[in-house]
Amino acid sequence: MTGEPQDDCLFCKIVAGQIPATIVRETETTLAFRDINPQAPTHVLVIPKAHYKNGAELAAGAPQIAADVLAATQAVADDEKLDSYRTVFNTGAGAGQTVWHAHAHVLGGRGLEWPPG
């Protein structure tokens, strides 16, 4: 069920403390941790603690939590002392989503090309 932890979800398991992660920030509704396969010097994932399949589902089902995720991306950037950074939500396999739990990538620490892919 949307919003409820999923037994087969990697990020739900990280939220529950069943799988370790390098956590850099936590709020009541969000968790931020370092990506295990970083694509930039700073690569942090910001997730809602509640399970939503992707960013669009999160925005539709829990707009305040979606706002909390975005606020957490800024807080991570501030903590990491990033002058500029990119926030990315991949939605769907064709866009590179590999974990079916909404998450924002915070990327920075080097120049980022455009277009990104």
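Asp 79 is partly exposed, because its relative accessibility is 40% (buried means under 20% relative accessible area, exposed over 50%, partly exposed in between, with a 1.4 Å probe and protein chains only). This is a predicted model: local features need pLDDT of at least 70, side-chain atom pairs count only at pLDDT 80 or more, and totals for chains, interfaces and linings use all residues. Residues are numbered from 1 along each chain as its sequence is written, and side-chain values use heavy atoms, with hydrogens and water left out.

Asp 79 forms a salt bridge with Arg 25 (a side-chain nitrogen of Lys or Arg within 4 Å of a carboxyl oxygen of Asp or Glu). The closest N and O atoms are 2.9 Å apart. The pair links distant parts of the chain, 54 residues apart. Asp 79 belongs to helix H3 (residues 63–79), and Arg 25 to strand S1 (residues 23–26). Helices (H or I, at least four residues) and strands (E, at least two) are DSSP runs, numbered from the N terminus. Arg 25 is partly exposed, at 26% relative accessibility.

## The other salt bridges

A search of the whole structure finds three salt bridges. One of them joins the side chains of Glu 26 and Lys 49, at 2.8 Å from N to O. Glu 26 lies in strand S1, and Lys 49 in the loop between strand S3 (42–48) and helix H2 (55–61), so this pair ties together parts that are 23 residues apart in sequence. Lys 49 is partly exposed, with a relative accessible area of 25%.

Arg 34 and Glu 80 also meet through their side chains in a salt bridge, 2.7 Å from N to O. Again the pair links distant parts of the chain, here 46 residues apart. Arg 34 sits in strand S2 (residues 30–34). Glu 80 sits in the loop between H3 and strand S4 (85–88). Both are partly exposed: Arg 34 has a relative accessible area of 33%, and Glu 80 has 23%.

## Backbone geometry

Which residue has a phi near 60°, a positive value in a residue other than glycine? That residue is Lys 81. Lys 81 is found in the loop between H3 and S4. Lys 81 counts as exposed, because its relative accessibility is 70%.

The peptide bond from Trp 114 to Pro 115 is cis, and its omega is near 0°. Pro 115 is found in the segment after strand S5 (104–108).

## The aromatic pair

One aromatic pair turns up in a search of the whole structure. Phe 11 and Phe 33 form this pair, which is edge-to-face. Their rings are 5.5 Å apart, centre to centre, with 75° between the planes. Rings of Phe, Tyr and Trp (its six-membered ring) pair if their centres lie within 6.5 Å; planes under 30 degrees apart count as stacked, over 60 as edge-to-face and the rest as tilted.

Phe 11 lies in helix H1 (residues 10–15) and Phe 33 in strand S2, so the pair ties together parts that are 22 residues apart in sequence.

## Ala 71 and Thr 30

Ala 71 is found in helix H3. Ala 71 is partly exposed, with a relative accessible area of 48%. How many residues separate Ala 71 and Thr 30 in sequence? They are 41 residues apart in sequence and 9.7 Å apart in space, C-alpha to C-alpha.
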